[in-house]
Amino acid sequence: MFKGAKTARSKPLFWEYGRKPASDEQKAKGVRAFRAPLPHLRIVPTGGVALANAGEFIKAVGAAVGVGSTLLTTEILAKDDWSALRKLAADYVSAVKAAR
């Protein structure tokens with residue numbers, strides 16, 4: 001998501017001319033603003049979602065969030081640390097429940 005880019009077509013132009021992608025905090029705010037006139041949309045953000053901002057995304061979309069590398073980290077995989085994965089997953093569930 002690029003702050004100020006209104007269409008998918010404009011986003012490559014923003015990148016070409018030096019605009020940087022929005023921060024994770026801006027992404028959650030952007031999703032909220034996008035949904036304001038379209039509250040019936042069910043959006044599931046998947047990029048930029050981390051434990052620290054999962055609650056903000058839930059507040060913005062209400063539906064769900066998708067997480068990948070912030071949940072199944074390279075460290076967890078390298079160590080086969082499945083108990084750490086279970087704990088981190090439980091932390092994500094807690095963050096989402098607290099935001100609802």
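Analyst: Let's begin with Glu56, which counts as partly exposed because its relative accessibility is 36%. Keep in mind that this is a predicted model. Glu56 has a partner in Lys59: the two form a salt bridge, with their closest N and O atoms 3.6 Å apart. Both residues belong to helix 3 and sit three residues apart, about one turn of the helix.

Is Gly55 buried or exposed? With a relative accessible area of 13%, Gly55 falls under the 20% cut-off, so it counts as buried. And what does Gly55 touch, once you set aside neighbours within four places in sequence? It is in contact with Ala95 and Ala99. Arg100 is worth a look too: 45 residues separate it from Gly55 in sequence, yet their C-alpha atoms are 8.0 Å apart in space.

Ala99 takes us to helix 5, which spans residues 82–99. Helix 5 has 18 residues and reaches 26 Å from first C-alpha to last, close to the 26 Å expected at 1.5 Å a residue. Its buried residues are Leu88, Tyr92, Val96 and Ala99. Looking down the axis of helix 5, you'd find these buried residues within an arc of 80°, so they line one face of the helix. Helix 3 and helix 4 are among the elements that cover them. On the other side of helix 5, you'll find Arg86, Lys87, Lys97 and Ala98 exposed.

Now for Lys87, which counts as exposed because its relative accessible area is 52%, over the 50% cut-off. Lys87 forms a salt bridge with Asp91, and here the closest N and O atoms are 2.9 Å apart. Both lie in helix 5, four residues apart, which is about one turn. Asp91 counts as partly exposed because its relative accessibility is 27%.

Helix 4, running over residues 74–79, holds another pair: Glu75 and Lys79, four residues apart or about one turn of the helix. Their side chains meet in a salt bridge at 3.5 Å, N to O, and both residues are exposed. Why might such pairs form? Side chains of opposite charge can pair when their charged atoms come close. A search of the whole structure finds three salt bridges.

Methods:
Residues numbered from 1 in each chain as written. Predicted model: local features only at pLDDT ≥ 70, side-chain atom pairs only at ≥ 80, totals over all residues. Heavy atoms only, no water. Buried < 20%, exposed > 50% of the residue type's maximum accessible area, 1.4 Å probe, protein only. Contact = heavy atoms within 4.5 Å. Salt bridge = Lys/Arg side-chain N within 4 Å of Asp/Glu carboxyl O. Helix = DSSP H or I, 4+ residues; strand = E, 2+ residues; numbered from the N terminus. Expected span 1.5 Å × (residues − 1). Arc of directions from axis to C-beta.
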